[in-house]
Amino acid sequence: MASETCTTESQGLFDTSVTLKAIEEKLQEALNTSAVFGANATTTQIARGQGFLSVMVRLKPDWQGNNTDKLPTSFVIKIPTSVTSQKASEQISLDEMMKDHQTDVQFTAEGHTSGIEKYLRVAHASEIAFYELVNQEQLKVKVPKCFVLQKYGSSGENGLLIMKDLCDIAATKPINEGLSIEAVKEVLENLAEVHAYSLQNDQWLHDDNLKATLSKYQKENGDNLNGLTIGAMDKFKKDHPALFDPLIDRLREECLKEYDLGFLDTIHEELGLPPILTHGDLWMNNMMWRKADGRKGTTDELVAIVDWQIVHPGCIGEDFVRLMCSSVDPAVRREHLTDFMEFYHASLKSKLGKEPPFTVGQIIYAYKRIFRYGLLLLIPCFLGFIQPEFGMMGSEDIDKKINTVLERVKCFIEDLYVYEDELGLNK
């Protein structure tokens, strides 16, 4: 973690344009206080290597003034920016990594970063709109309390979120660990809360800010996203032939023929399902769990689902694919998929007070129909996860953890072929 004691109010935090003085002013207004941060306030960059659309900062003010004992002692600040993506690309020499795996579609890290920069305004507006909706409708979904929700300004002001600091009580689980059955159900219970609201109301469908679709992200990235995905598949095959040669070839060819994320915008209509409010990026590092008392690690008590930057109207299967592919071990997913969907369906029924407008069978069908797109979006992510430079594998048993992730990817590809053969999608 990068840390600094704040000695200047005018310098942007961690290569962003957001200054400590601006944050102080925003919090003074939000907390109705004239207290100032003080000379010993500190900022620490957190969640490095875990997200690519923002810089996350933990702020600990040294409050000076009246009634400071009633003020929060720590905050988490989210600054939407492409800086993180750019640095991550440089850290692992992404252009160099991909250059030998671009026989069909080209990729450049600069173009990818540029696409992220264009998408940021859409993503940040969507996240703000979601948190405003949670507050307005008093949804019982576990998210951090927000003190400041600042949109991008017409005069160039950067977007900004200032939230309650949960770092002392909660943490993310390691990507290689895999969620337990109980933990998955905790997440599904919270999804049911959001989905129940979206099925009982239609106002959110008319909010243009709640539409950070992945197709918009793909549009801003041009061929870069496709090039990154193809390059990642080729690298998996080259570096780990025992697992992926020739297993990954069929997926690669299908990706070359068709990789249009606009499919996700309309698949619910094709399947005759109502749209639901979709998180869009529901993976391990966007879920925070209660820390275990006196021991390392976390419990299975969900404290918060974070990072709602890609929230949008979507298909009922979309979040399930992202969750199951990214964060659940294959054995658990395969054995308990129907159980999970039955649990979710029952929870949704309880919250709606009536039968949901789709059956368990329809949810599972949608899940299998969307599976390919969820996997394609995750393949470049998994390639990043296993790079030791990112630090996501920790410092112990790195090879064992990497092998766990690689086996997970292999099983997802195997299951994709089973699903698509079952649905007749390979014809």
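Modeller: A cavity, on a 1 Å grid over the protein atoms alone, is a set of points where a 1.4 Å probe fits but cannot get out. The model here is predicted: local features need pLDDT of at least 70, side-chain atom pairs count only at pLDDT 80 or more, and totals for chains, interfaces and linings use all residues. Residues are numbered from 1 along each chain as its sequence is written, and side-chain values use heavy atoms, without hydrogens and water.

Biologist: What makes a residue part of a lining? Which residues line the second largest cavity?

Modeller: A lining residue has an atom within 4 Å of a point. Here they are Leu 214, Leu 264, Gly 280, Glu 318, Val 321, Arg 322, Ile 370, Tyr 373, Gly 374 and Leu 377. The largest share, 4 residues, comes from α13.

Biologist: How do the lining residues divide into nonpolar, polar and charged?

Modeller: They divide into 6 nonpolar, 2 polar and 2 charged. Ala, Val, Leu, Ile, Met, Phe, Trp, Tyr, Cys and Pro count as nonpolar, Asp, Glu, Lys and Arg as charged, and the others, Gly among them, as polar.

Biologist: Why is Asp 15 called exposed?

Modeller: Exposed means over 50% relative accessible area, buried under 20%, and partly exposed in between (1.4 Å probe, protein chains only). Asp 15 has 52% relative accessibility, so it counts as exposed. Asp 15 also has a positive phi of about 70°, although it is not a glycine. It lies in the loop between β1 (3-5) and α1 (20-31).

Biologist: Is Asp 307 buried or exposed, and what makes it so?

Modeller: Asp 307 has a relative accessible area of 16%, so it is buried. Its phi is positive too, about 60°. Asp 307 is found in the loop between β10 (298-305) and β11 (312-314).

Biologist: Which residues does a cis peptide bond join?

Modeller: Asp 245 and Pro 246, with omega about 10°. Pro 246 is found in the loop between α8 (241-244) and α9 (249-257).

Biologist: What counts as a helix or a strand?

Modeller: Both are DSSP runs, numbered from the N terminus: helices are H or I with at least four residues, strands E with at least two. The protein has 14 helices and 11 strands.

Technical notes. 1 Å grid on protein atoms, 1.4 Å probe; cavity = no way out; pocket = protein on both sides within 12 Å on 5 of 7 lines; lining within 4 Å.
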